[in-house]
Amino acid sequence: MTHDIDIVITIPTALLNKVYSLFPMDEFYIPPIEVLKNEISRENRGHCNIIHNESGFKADLYFAGNNDFQHLALKKVKEINFYGDKIPIAPPEYVIIKKLEFFKEGKAQKHINDIKAILQNSDDLIDSEFLMKYISIFALEKEWKLCE
């Protein structure tokens, strides 16, 4: 885990009211339903945040849309043992690729720091062949060198 939690999700708009019942507005910041509908309908890069008011902990929700790479991440979900419970996580390779893309766009050092933490803490979960394939496909070699 990094400074927040990143979640790739597909959700039909018909189930959006369920989101508000799971994250009550008196405890969480959650965008208005119109914003969620707009973000879900994007072909690519739909995104919103849910923030726990008391702790400030943030979840970044990335809606898969028609993005093949995001759908691939959903197919490659990993399970880890978290205090006796198995929880699904995004493949670390996917998270690394997305963070490299975000760094390339905005140059925010936090993405490089997050990648270094992932490499340090999850090396045994990383499919290096898959990672290097997509670093090449997305032309992220220069950004990757900053993480080695």
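Apart from its neighbours within four places in sequence, Glu 39 is in contact with Arg 45, Gly 46, His 47 and Phe 63, contact being defined as heavy atoms within 4.5 Å. The structure is a predicted model, in which local features need pLDDT of at least 70 and side-chain atom pairs count only at pLDDT 80 or more, while totals for chains, interfaces and linings use all residues. Residues are numbered from 1 along each chain as its sequence is written, and side-chain values use heavy atoms, with hydrogens and water left out.

Glu 39 is placed in helix α2, which spans residues 33–41; helices (H or I, at least four residues) and strands (E, at least two) are DSSP runs, numbered from the N terminus. Glu 39 counts as buried because its relative accessibility is 10%, the classes being buried at under 20% relative accessible area, exposed at over 50%, and partly exposed in between (1.4 Å probe, protein chains only). The side chain of Glu 39 also makes a polar contact with the side chain of Arg 42, at 3.1 Å. A polar contact is a pair of N or O atoms within 3.5 Å, of which, within protein, one must be able to donate a hydrogen and the other to accept it, and residues adjacent in sequence count only if both atoms are side-chain atoms.

Within α2, the buried residues are Leu 36, Glu 39 and Ile 40. These residues lie on the same side of α2, because they cover an arc of only 100° around the axis, where the arc is that of the directions from the helix axis to the C-beta atoms. The buried residues of α2 pack against α1 (16–22), β3 (46–52) and β4 (58–63), whereas the face turned away from the buried side carries the exposed residues Glu 34 and Ser 41.

Asn 67 lies in the loop between β4 and α3 (68–75), and with a relative accessible area of 14% Asn 67 is buried. Asn 67 caps the N-terminal end of α3, a side-chain oxygen lying 2.9 Å from the backbone nitrogen of Phe 69, and the side chain of Asn 67 also reaches the backbone nitrogen of Gln 70 at 2.8 Å. When neighbours within four places in sequence are left aside, Asn 67 is in contact with Glu 43 and Asn 44.

In α3 itself, Phe 69, Gln 70 and Ala 73 are the buried residues. They are placed on the same side of α3, because the arc that they cover around the axis is only 100°. The buried residues of α3 pack against β1, β4, α4 and α6 (128–137), while Asp 68 and Lys 75 are exposed on the other side of the helix. Tyr 94, in helix α4, touches Phe 69, Gln 70 and Ala 73 as well as Val 8, not counting residues up to four places away in sequence. Tyr 94 counts as buried because its relative accessibility is 4%. Tyr 94 and Lys 76 are 18 residues apart in sequence and 9.1 Å apart in space, C-alpha to C-alpha.

A search of the whole structure finds 4 salt bridges, a salt bridge being a side-chain nitrogen of Lys or Arg within 4 Å of a carboxyl oxygen of Asp or Glu. Among them, Glu 101 pairs with Lys 98, the closest N and O atoms being 2.9 Å apart; both residues lie in helix α4 (residues 92–106), 3 residues apart, about one turn of the helix. Lys 98 counts as buried at 12% relative accessibility. Asp 114 forms a salt bridge with Lys 99, with the closest N and O atoms 2.9 Å apart. This pair links distant parts of the chain, Asp 114 being in helix α5 (residues 109–122) and Lys 99 in helix α4, 15 residues apart. Asp 114 counts as buried at 3% relative accessibility, and Lys 99 counts as buried at 4%. A salt bridge also joins Asp 60 to Lys 58, where the closest N and O atoms are 3.6 Å apart; Asp 60 counts as buried at 5% relative accessibility, whereas Lys 58, at 25%, counts as partly exposed.
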